[in-house]
Amino acid sequence: MANALLTTDLPGLTLISRGKVRDIYTTSSPEHLLFVATDRISVFDVILQNGIPDKGKLLTNISLFWFDKLKDIIPNHLVTVNIDEMPEEVRQYRDQLEGRTMLVRKAKIIPIEAIVRGYITGSAWAEYQKTGTVHGLSFEGINLKESEKFTEPLFTPSTKAEQGAHDENITPEIAAQLIGEKLYAKIAETSLRLYKTAAEYALSCGLILADTKFEFGLVSAGDEEQLILVDEVLTPDSSRYWPADEYEVGHGQPSFDKQYVREALKKAGYRTGLESGPEGKGEGWSIDASVIRGTQERYRDAEKLLKSGTH
């Protein structure tokens, strides 16, 4: 098995952010940033000790696919993935960067994660079981079952946490207060449109897109600011994909995403409060080789299925 790239080493560039998956660098172009998708994997907002070899390349390929397919709905931050078209100081690191790097437009990042849920699962299902609500939206009196499809997809925002902190589900009212009602309405409308378009396409490929999260930024466009799609989009890291032919309401679903890793960690004893690792030594959590291989296979299968579509 190939080694996973957990940390980039680009001494000629200035690192400005090391996130859960991406390392972000400035370049000699003041209008652009370098986004590098590493092979790190984050589960429950915790970065695991070991990664998934070539995961960064798979994420980049899937994002490129969706950026192109959704470009008529909203512009995105992508400039190029061709190393030869990037600033000169970037090209010396071709061996590290090839296939996992995007030169992108600088943007003012909107400080919420735009989550769209087509089915009730994950944290939404956990909240509903406790309170009869999803992100504070009442579903009392409606007898939803696990993995059931909502009548209409829900836009359910969350906070965008710093590394080491946990994202928190928030109500639409709080999100609108954070970023302003006009911008919130625009992001909600755009997110739902993106989700519905992607979900319809994914289903034609045999995949159910259960939920996903988008991130947005603002760039200058003359005298105004333009909303654009940033970061990754509709990858197995940011979305739940289920095989359509195995879908059955009433329980959790097999998946092509990192839910597989979440389940492995829970079986190993992970729970909130033990982020520092199973022995409490501050070393974090790791996954064994079989889970690494299984995750690779699921991500590759998702990519293959998505690219099998005809429209």
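This is a predicted model: local features need pLDDT of at least 70, side-chain atom pairs count only at pLDDT 80 or more; totals for chains, interfaces and linings use all residues.
Local features were taken at pLDDT of at least 70 and side-chain atom pairs only at pLDDT 80 or more, whereas totals for chains, interfaces and linings use all residues. Residues are numbered from 1 along each chain as its sequence is written, and side-chain values use heavy atoms, with hydrogens and water left out.

The protein contains eight helices and 16 strands, where helices (H or I, at least four residues) and strands (E, at least two) are DSSP runs numbered from the N terminus. Its radius of gyration, taken over C-alpha atoms, is 19 Å, close to the 19 Å that the globule rule (2.2 Å times the number of residues to the power 0.38) gives for 311 residues, so the protein is as compact as a globular protein of that length. The C-alpha trace spans about 60 × 50 × 40 Å along its principal axes. Of the 311 residues, 50% count as buried, a class defined by a relative accessible area under 20%, with exposed meaning over 50% and partly exposed in between (1.4 Å probe, protein chains only). Among the contacts (heavy atoms within 4.5 Å) with a separation of 6 or more, 66% are made by residues 24 or more positions apart.

In soluble globular proteins, nonpolar side chains tend to be buried together. A nonpolar core is here a set of buried Ala, Val, Leu, Ile, Met, Phe, Trp, Tyr and Cys residues joined through side-chain atoms within 4.5 Å. The largest such core has 48 residues, and those with the most contacts inside it are Trp66, Phe214, Phe216, Leu234, Tyr241 and Leu306. Helix H6 (residues 181-204) gives the most to this core, contributing nine residues. Apart from this core lies another, of 16 residues, which includes Val46, Leu48, Leu265 and Val291.

A search of the whole structure finds 12 aromatic pairs; rings of Phe, Tyr and Trp (its six-membered ring) pair if their centres lie within 6.5 Å, and planes under 30 degrees apart count as stacked, over 60 as edge-to-face and the rest as tilted. The ring centres of Tyr119 and Tyr247 are 5.6 Å apart and their planes stand at 80 degrees, so this pair is edge-to-face. Because Tyr119 belongs to strand E9 (residues 112-119) and Tyr247 to the loop between strand E16 (239-243) and helix H7 (259-267), the pair ties together parts that are 128 residues apart in sequence. Tyr119 is buried at 9% relative accessibility, whereas Tyr247, at 26%, is partly exposed. The rings of Phe214 and Phe216, with centres 6.4 Å apart and planes at 55 degrees, form a tilted pair, and both residues are buried. Ring pairs also join Phe44, Tyr270 and Trp285 into a cluster.

Charges sit over rings as well, the criterion being NZ of Lys or CZ of Arg within 6 Å of the ring centre and within 35 degrees of the ring normal. Lys69 lies over the face of Tyr201, at 4.3 Å from the ring centre, and the charged end of Arg298 sits over the ring of Tyr260, 3.7 Å from its centre.

The search also finds 15 salt bridges, each a side-chain nitrogen of Lys or Arg within 4 Å of a carboxyl oxygen of Asp or Glu. In the bridge between Arg22 and Glu232 the closest N and O atoms are 2.7 Å apart; since Arg22 lies in strand E2 (residues 22-26) and Glu232 in the loop between strands E15 (224-230) and E16, the pair ties together parts 210 residues apart in sequence. Both Arg22 and Glu232 are buried. Arg94 and Asp84 meet in a salt bridge at 2.5 Å, N to O, and these two residues are partly exposed, Arg94 at 29% relative accessibility and Asp84 at 47%. A salt bridge of 3.4 Å joins Glu303 and Lys307, of which Glu303 is buried at 14% and Lys307 is partly exposed at 46%. Arg18, Asp23 and Arg40 are linked in a network of salt bridges.

Most residues other than glycine have a negative phi. Asp54, however, has a positive phi of about 70 degrees; this residue lies in the loop between strand E5 (46-47) and helix H1 (55-69) and is partly exposed at 28%. Ser147 has a phi near 75 degrees, is found in the loop between strands E11 (137-138) and E12 (149-155), and is buried at 0% relative accessibility.
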